[in-house]
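Thanks for coming. I will walk through one model this morning, and I will keep to what can be read from the coordinates.

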Amino acid sequence: MAAKVKQLPSRGGTPAEKVYLIEIFKGMAITLKHFLRNLWDNSNLYVRHYPEVQPDIPARWRGRHRLLTHPDGTPKCVACFMCQTNCPADCIMIKAGTRIDGVTEKMPVSFTIDLAECIYCGYCVEACPEDAIRMDTGIYAFTSSNREEMKIGMTEMLSLKGGFPEEEYQKGLEGE
Amino acid sequence: MTNLDIIMVIVRVSISAFVPLCFLAVCVTMERRVAGFIQDRSGPNRAGICGIRAGGLVQNLADGLKLAFKEDIISEHVEHKFLYVLAPIISMAAAIISFALVPFADTLVLDGKSYVMQGIPWDTGILWFLAITGFSVYGIILAGWSSTNKYSLLGALRSASQVISYEIPMGLAVISLLIVYGSINLSDIARFQGQTWLGFIPMWGILLQPLAAVIFIVAAFAECNRTPFDLAEGESELVAGFHLEYSAMKFAVFFMGEYVAMFASSAVIVTLFFGGYNIPFFDTDFLIRNIKPVAFVLLVILPVFMFYFAKWIRRNNRSQYLRENDPRKAEATIYIRCFWILIAIIEVFLLAILAFAQPDTAAAHLLVALMQICTFLIKVTLMLFVYVWVRWTIPRFRYDQLQMLGWQKLLPLALLNIFVTGAIVVALG
Amino acid sequence: MTEMIKLFVNGEEVEVESGKNLIDALEKVGIEIPHFCYHPALGADGNCRMCLVGIEDGRPPVVPACKTLAKEGMKVLLDADNIKKIQHDVMELEFINHPTDCPICDQAGECKLQDYYMKYEGTESRMWVPQVTKRKMQDFGGGVIHDQERCVACGRCVRFLRQITRTGELGLVNRGDDCRVEFFPGRPINNRYGLNVVDLCPVGALTSADFRFKQRAWFLKRAESICHGCSKGCNIMVDHNKEKYEDDIIYRLRPRQNEQVNGWFMCDEGRMTYKLENDNRLEECTLAGAVRPLADIFADAERRIERATKVLFLVSPSASLEQLAAVQALAEKTGATVSAFSDGYIVKDDGDDFLIKDDKAANRAGVDLLGIAKSRTHFDNMAKEADVFINFGNDLSRSLSEEQIGRLFSDTWVLNGATHPGQLGAVMEKKVGSSIALRSWSEYHGVVVNCDGIAQKFVGGVMKNVERPDIVEMAAGLGSPATGTAAAWALVQKKIPALAEFGGFLELPAEGVKLTDNEAGK
Ligand code: SF4
Ligand code: SF4
Ligand code: SF4
Ligand code: SF4
Ligand code: FES
């Protein structure tokens with residue numbers, strides 16, 4: 001896609017502009033216009049009345065992580081550490097062990113993400129060879145009064161459900 | 001000294017000391033909400049006590065509480081702890097007392113005695129203001145130096161040199177004014193501006209001395225360290241400049257000092273250029289002589305004004321999204337009732353005056369003084385609005401541009417202005 | 001000096017050592033020929049065909065590099081189209097039935113198949129018939145786990161067990177895509193070097209049960225060290241890592257090549273010594289039973305040494321030359337006696353004719369070089385006279401029973417510098433005046449001399465969360481003139497002239513310095 005280039009004339013050369021004040025007053029007129037409009041009727045403000053009005057989250061939104069399971073409920077993750085290796089914030093902490101549910105050989109014993117350190121880049125999702133981790137829960141706000149609670153563990157991530165229908169999520173991936 | 005004398009001293013001092021402090025709330029709220037509106041957002045409108053948000057005032061209360069209860073940190077590396085603590089106090093104190101000589105009403109005559117309506121009844125006038133604002137920069141320099149932090153020190157250096165470069169054009173602008181007014185006493189200056197030209201043009205400083213007005217206002221912005229001249233704290237390059245190491249209440253004192261200084265310089269600007277406490281077209285004598293019609297006009301205007309004000313509150317104080325039993329509507333009703341009660345009280349007072357007061361009595365003098373105080377405060381508020389308005393319109397200057405403007409533009413212009421003014425005054429005799 | 005010959009690779013002239021096959025000769029000058037089955041220690045087998053190279057004007061024109069001696073004037077082709085095609089096709093063949101388990105394969109990151117795929121193939125699979133599946137996670141015994149699907153049938157493991165250990169537990173059975181490695185029924189791998197096959201296997205078909213799934217290879221930090229398990233001093237790589245919020249621990253030890261000492265291998269017991277470095281370490285320094293800062297303990301001990309009539313130092317026979325020299329210097333200054341009594345480190349008839357030695361001390365030759373007494377009688381006599389006894393990391397519990405130790409030091413003030421609890425026996429340790437937790441060999445640098453008189457340097461890369469002093473620092477804290485490893489090294493150089501030519505210990509050559517019998521003081 002070619003970038004759109006708009007050439008703006010360079011300003012500030014004429015004597016009138018060099019006096020500054022005229023230009024400053026012009027600018028002030030613009031801001032005053034906005035001020036008066038909003039003072040007169042504040043329904044024109046360009047704001048979302050969060051949290052009462054919630055934003056619409058698209059399927060590609062990178063929210064809180066979840067771990068996916070096979071249809072039989074066993075985790076898809078095989079503890080390959082690709083996500084941990086790629087995580088630029090170094091906030092994924094996995095401990096691997098021998099698999100006990102008979103799916104393959106390896107599985108995570110513990111899988112922790114420190115959401116306070118995560119930068120929500122989505123590299124972990126991209127790196128995963130098993131489609132075992134996604135950020136499609138649609139949960140975008142999480143707060144806590146201490147750091148420990150910002151670490152989410154394997155059980156919690158396995159229990160989270162996706163926030164979007166599968167087709168919509170896949171369509172989102174195609175766009176990339 | 002009679003009892004009346006003592007009461008008047010207390011009244012005047014407390015007005016000149018506490019009005020600037022009370023205006024802090026106005027300044028901060030205005031700063032935030034005007035910034036919001038200019039940028040098409042709403043500014044703080046959430047914090048409330050039992051749903052009463054008072055248009056954002058409660059947010060200030062919350063912030064004030066927060067600052068008051070925050071841990072007051074003095075970093076280990078600060079060597080001169082005493083100077084470090086002293087710095088914000090200097091800033092704040094200088095800002096408050098710089099307002100002391102500004103008259104907020106015409107000389108009040110009670111029982112045949114006249115009382116100058118300013119905090120300290122001295123004649124030094126504008127010189128006092130120049131002296132004290134120059135002093136307030138010590139606070140900034142001390143803060144920057146004693147913080148033992150290079151950002152702070154750079155901020156303080158900038159601030160010091162900025163104040164030096166802008167005090168000169170400011171002083172020169174004042175000189176040309178003095179040539180016109182013929183006095184340094186601010187009460188005299190305000191009274192001078194109460195006259196009219198050809199019967200309908202008020203003889204305000206801005207009309208007599210437009211160039212001096214521009215220079216003075218620009219320099220006043222610089223003296224207050226306000227955008228576009230807030231290089232001392234330029235957060236993009238100096239993080240927060242001189243108050244980087246300050247936290248909690250010490251930071252709050254700096255912050256308040258800045259707004260009080262803004263208030264004081266607005267007051268001086270109003271006094272010098274916008275007629276001070278004078279109600280346009282009506283000088284003090286006229287008002288005192290015609291006290292009954294004046295009271296009557298007020299009696300009529302106030303309810304009409306309130307009616308439209310109530311409408312405005314109703315329109316804007318509601319939730320902008322679907323909400324059942326919108327509590328903000330109930331809130332608006334409360335506001336409107338409160339205001340109506342206030343208006344009713346004032347109406348009763350005015351009725352009493354209408355019924356009993358004679359021209360040129362103490363009551364008439366008091367009413368006029370009150371009206372003038374209100375006028376003065378309204379003018380100051382408008383000037384404060386200009387401060388805020390400029391801040392949210394103009395980006396910060398670069399440091400060399402700032403110095404260039406001060407020395408290469410404002411200084412020659414101010415000198416030129418003095419010569420021209422002098423020549424005209426001499427020519428007109 | 002080996003003779004040098006000139007040959008051409010892709011038309012460019014290179015100079016290589018003679019008498020080597022092409023793979024080894026060119027590797028020395030930094031040119032890689034891909035190969036699976038050839039290993040310098042096991043010789044060329046020629047079964048994988050990955051190493052085929054072209055010889056211009058040669059007969060035949062394509063030869064396996066592993067079986068071809070480098071000759072003067074040879075014109076080797078590595079980037080000819082037909083060679084590239086051969087490499088690509090061999091790789092494709094290997095991948096036909098390969099499970100590509102990389103996400104769960106421990107070899108990922110150091111796997112030849114992965115590396116060569118990226119380098120020589122990089123195409124998608126053309127297979128449309130189902131892959132042949134074989135057994136996975138098969139226990140081969142001896143801590144080795146086998147994955148038949150990942151095996152590329154190079155036979156390295158089989159050859160190792162036949163040629164080196166001569167136990168021959170494994171064999172390649174069947175042919176074609178049913179070819180696999182098996183042990184003879186009822187006779188799993190059972191020898192003291194079995195885990196070497198894990199290193200030899202170029203792919204992830206053989207993995208170590210002990211290391212399995214503990215870490216991905218790319219997380220591991222490497223430190224070139226010397227095994228302290230016995231006096232052979234096998235060259236090893238310490239693979240360690242500090243995970244977030246956790247301690248720096250060692251995950252595995254791997255042999256490092258050194259022709260003079262261990263060749264390419266190490267024994268299984270040596271591999272497992274890393275556990276001692278990780279677990280059950282002494283953490284705290286105490287003075288009269290209470291945890292105290294190191295400086296207090298040093299000050300107290302220094303005062304006692306000054307007042308004592310007779311002081312005895314006991315050093316570990318595994319301590320590095322620098323550490324020994326530092327303790328010696330301290331002894332000279334304070335008039336103390338040094339002993340390296342460590343009879344218990346020698347385990348009779350444990351050694352063999354390959355790597356394992358009876359003597360489990362890493363630096364006994366160094367003790368002798370520096371002239372430190374180590375006899376039992378000397379130690380007993382001195383211990384009886386001494387009223388202050390300081391242990392520098394010697395595991396005395398190996399040599400003496402708890403009662404014996406208790407009797408020897410019944411009225412002696414004892415400072416115990418140790419890496420692990422129990423080195424003076426549990427009973428004695430409760431009574432000691434002070435104790436200092438010491439750094440262990442994976443945490444400091446130094447030089448040790450092995451049983452054959454070869455002085456070898458090693459680097460300690462592990463950085464534990466708990467700060468501990470090493471023996472040099474402990475001696476310095478007690479007043480030794482050797483205030484650091486550099487100063488101690490200077491003392492060592494004075495005593496052992498053969499080492500004088502090397503500035504710092506890091507300048508020692510990688511293969512070690514062979515000290516002659518003369519220098520070894522014999
Ligand atoms: S989103 Fe980015 S930062 Fe967060 S866990 Fe995934 S890779 Fe790490
Ligand atoms: S990349 Fe996927 S399969 Fe691998 S450890 Fe992370 S979540 Fe598990
Ligand atoms: S042997 Fe190599 S290519 Fe095969 S699964 Fe293991 S790492 Fe991957
Ligand atoms: S198990 Fe490994 S070493 Fe043994 S034949 Fe297979 S690939 Fe080669
Ligand atoms: S290495 Fe030469 S054929 Fe395998």
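I will take the contact between two chains, then one residue, then two ligand sites.

A caution before the numbers: this is a predicted model.

Start with chain B and chain A. How many residues does each chain bring to the contact? Chain B brings 22 residues, and chain A brings 24 residues. Together they bury about 2,200 Å² between them. Carbon and sulfur atoms give 65% of that area. On the chain B side, three residues stand out: B:Phe37, B:Asp40 and B:Trp389 supply 28% of the area that chain B buries against chain A, more than any other three residues.

Now the polar part of this contact. Between chain B and chain A there are 15 residue pairs in polar contact, counting pairs in which both residues are at pLDDT 80 or more. Which parts of chain B supply the touching side? Four helices of chain B each supply at least two of its residues: helix 1 (3–38), helix 12 (291–316), helix 14 (362–391) and helix 15 (399–428). Sorted by class, that side of chain B has 12 nonpolar, four polar and six charged residues.

There are also two salt bridges between chain B and chain A. In a salt bridge at this contact, the side chain of B:Arg46 meets that of A:Glu52, with 3.1 Å from N to O.

You will find B:Leu57 in helix 2 of chain B, which covers residues 57–69. Leaving out residues up to four places away in sequence, B:Leu57 touches B:Ala25 and B:Thr29. Is B:Leu57 buried, partly exposed or exposed? B:Leu57 has a relative accessible area of 39%, so it counts as partly exposed. As for distance, B:Leu57 and B:Lys70 are 13 residues apart in sequence, and their C-alpha atoms are 20 Å apart in space.

Last, the ligands. Ligand 2 has 14 residues around it, and those that come nearest are A:Cys77, A:Cys80, A:Phe81, A:Cys83 and A:Cys128. By class, the shell around ligand 2 has 13 nonpolar residues, no polar residues and one charged residue.

For ligand 4, which residues are the closest? They are C:Cys151, C:Cys154, C:Gly155, C:Cys157 and C:Cys201, out of 14 residues that surround ligand 4. The shell around ligand 4 divides into 11 nonpolar, two polar and one charged.

Definitions and conventions:
Residues are numbered from 1 along each chain as its sequence is written. Chains are lettered from A and ligands numbered from 1 in the order in which they are written. This is a predicted model: local features need pLDDT of at least 70, side-chain atom pairs count only at pLDDT 80 or more; totals for chains, interfaces and linings use all residues. Side-chain values use heavy atoms; hydrogens and water are left out. Contact means heavy atoms within 4.5 Å. Buried area is the accessible area (1.4 Å probe) that two parts lose on being put together, summed over both. A salt bridge is a side-chain nitrogen of Lys or Arg within 4 Å of a carboxyl oxygen of Asp or Glu. A polar contact is a pair of N or O atoms within 3.5 Å; within protein, one must be able to donate a hydrogen and the other to accept it, and residues adjacent in sequence count only if both atoms are side-chain atoms. Ala, Val, Leu, Ile, Met, Phe, Trp, Tyr, Cys and Pro count as nonpolar, Asp, Glu, Lys and Arg as charged, and the others, Gly among them, as polar. A residue is near a molecule or strand if one of its heavy atoms lies within 4 Å of it. Buried means under 20% relative accessible area, exposed over 50%, partly exposed in between (1.4 Å probe, protein chains only).
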